[in-house]
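Please look over the structure below.

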Amino acid sequence: MEPLISRGDDAERVTLPGGAFHLLADASHTHGVLGANRLTLGVGASGAKKHYHAKSTELFYVLDGELDFLLGDGDTPTRVSRGDLVVIPPGLAHAFGAAPGSTADLLAVLTPGVERFGYFRQLGRIQRGEAEFESLHADQDRYDVHFVTPQRS
């Protein structure tokens, strides 16, 4: 395997309202070892609805700003900030977003890698109002992103 150098200025950028995904490395670029992207979020912007990964561990490193994470079944956010690291094991439900009043800039790494650039492109279309969120449901296994639906009593 050859080393991979992904230049930030050359990364594909998927724009979001007030932010963007910077697609750095997909599974096919790393022989399935990992996938990596950078996510910038505007003030208080949501990063991901509650979901889990059945096969992969996800690592988040906060480059700047503050994020609130919902982990497992809990409804109390865990706040992380610049320099903090969060590692989510397979099967643990999680959601995250920029903390109220804050922006966020983070590096996300998924290992083993799953071919997910298509997923991020579709999320961009959803965020821009060009597609419905439900369009992701058919590809949950393909992208190893399984959405948690709210439990109603």
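Which strands and which helix each supply at least two residues of the lining of the largest cavity? They are strand 3, strand 4 (46-52), strand 5, strand 9 and helix 1.

## Basis

This is a predicted model, in which local features need pLDDT of at least 70 and side-chain atom pairs count only at pLDDT 80 or more, while totals for chains, interfaces and linings use all residues. Residues are numbered from 1 along each chain as its sequence is written, and side-chain values use heavy atoms, with hydrogens and water left out. Helices (H or I, at least four residues) and strands (E, at least two) are DSSP runs, numbered from the N terminus.

## Cavities

The model has two cavities of 30 Å³ or more. A cavity is a set of points, on a 1 Å grid over the protein atoms alone, where a 1.4 Å probe fits but cannot get out; lining residues have an atom within 4 Å of a point. Grid points are joined across faces, edges and corners, and a volume is the space filled by probe spheres set on the points.

The largest cavity holds about 130 Å³ of space. It is lined by 15 residues, and F21, A48, E58, F96 and F120 are the closest to its centre. That lining has 10 nonpolar, three polar and two charged residues. Here Ala, Val, Leu, Ile, Met, Phe, Trp, Tyr, Cys and Pro count as nonpolar, Asp, Glu, Lys and Arg as charged, and the others, Gly among them, as polar.

The second largest cavity holds about 80 Å³. Its lining has 13 residues, with G35, A36, N37, R116 and F120 the closest to the centre. Strand 3, strand 9 and helix 1 each supply at least two residues of this lining. By class, it divides into eight nonpolar, two polar and three charged residues.

## Nonpolar core

In soluble globular proteins, nonpolar side chains tend to be buried together. A nonpolar core is a set of buried Ala, Val, Leu, Ile, Met, Phe, Trp, Tyr and Cys residues joined through side-chain atoms within 4.5 Å. Buried means under 20% relative accessible area, exposed over 50%, and partly exposed in between (1.4 Å probe, protein chains only).

The largest nonpolar core has 31 residues, of which F21, F60, L67 and Y119 touch the most other members. Strand 1, strand 2 (19-25), strand 3, strand 5, strand 7, strand 8, strand 9 and helix 1 give two or more residues each. Helix 1 gives the most, with five. Contacts (heavy atoms within 4.5 Å) are listed here without residues up to four places away in sequence. L67 touches, among others, L41, V62, V80, F96, G97 and L106.

## Salt bridges

Side chains of opposite charge can pair when their charged atoms come close. A salt bridge is a side-chain nitrogen of Lys or Arg within 4 Å of a carboxyl oxygen of Asp or Glu. The structure holds five. One of them joins R121 and E12, with the closest N and O atoms 2.7 Å apart. R121 is in helix 1 (residues 117-127) and E12 in strand 1 (residues 12-16), 109 residues apart. R121 is partly exposed at 30% relative accessible area, and E12 is partly exposed at 34%.

D105 pairs with R38, the closest N and O atoms being 2.4 Å apart. D105 sits in strand 9 (residues 104-111) and R38 in strand 3 (residues 35-41), so this bridge ties together parts 67 residues apart in sequence. D105 is buried at 12%, whereas R38 is partly exposed at 33%.

R82 pairs with D64 at 3.9 Å between the closest N and O atoms. R82 lies in the loop between strand 6 and strand 7 (85-88) and D64 in strand 5, so parts 18 residues apart in sequence are tied together. R82 is exposed at 62%; D64 is partly exposed at 40%.

## Two glycines

G97 lies in strand 8 (residues 94-98). G97 is buried, at 7% relative accessible area. Its contacts, beyond four places in sequence, are L41, A45, S46, G47, E66, L67 and D68.

G72 is in the loop between strand 5 (57-71) and strand 6 (78-81). G72 is buried too, at 13%. Beyond four places in sequence, G72 touches K50, L92 and A93. G72 and H94 are 22 residues apart in sequence and 6.0 Å apart, C-alpha to C-alpha.

Terms used. 1 Å grid on protein atoms, 1.4 Å probe; cavity = no way out; pocket = protein on both sides within 12 Å on 5 of 7 lines; lining within 4 Å.
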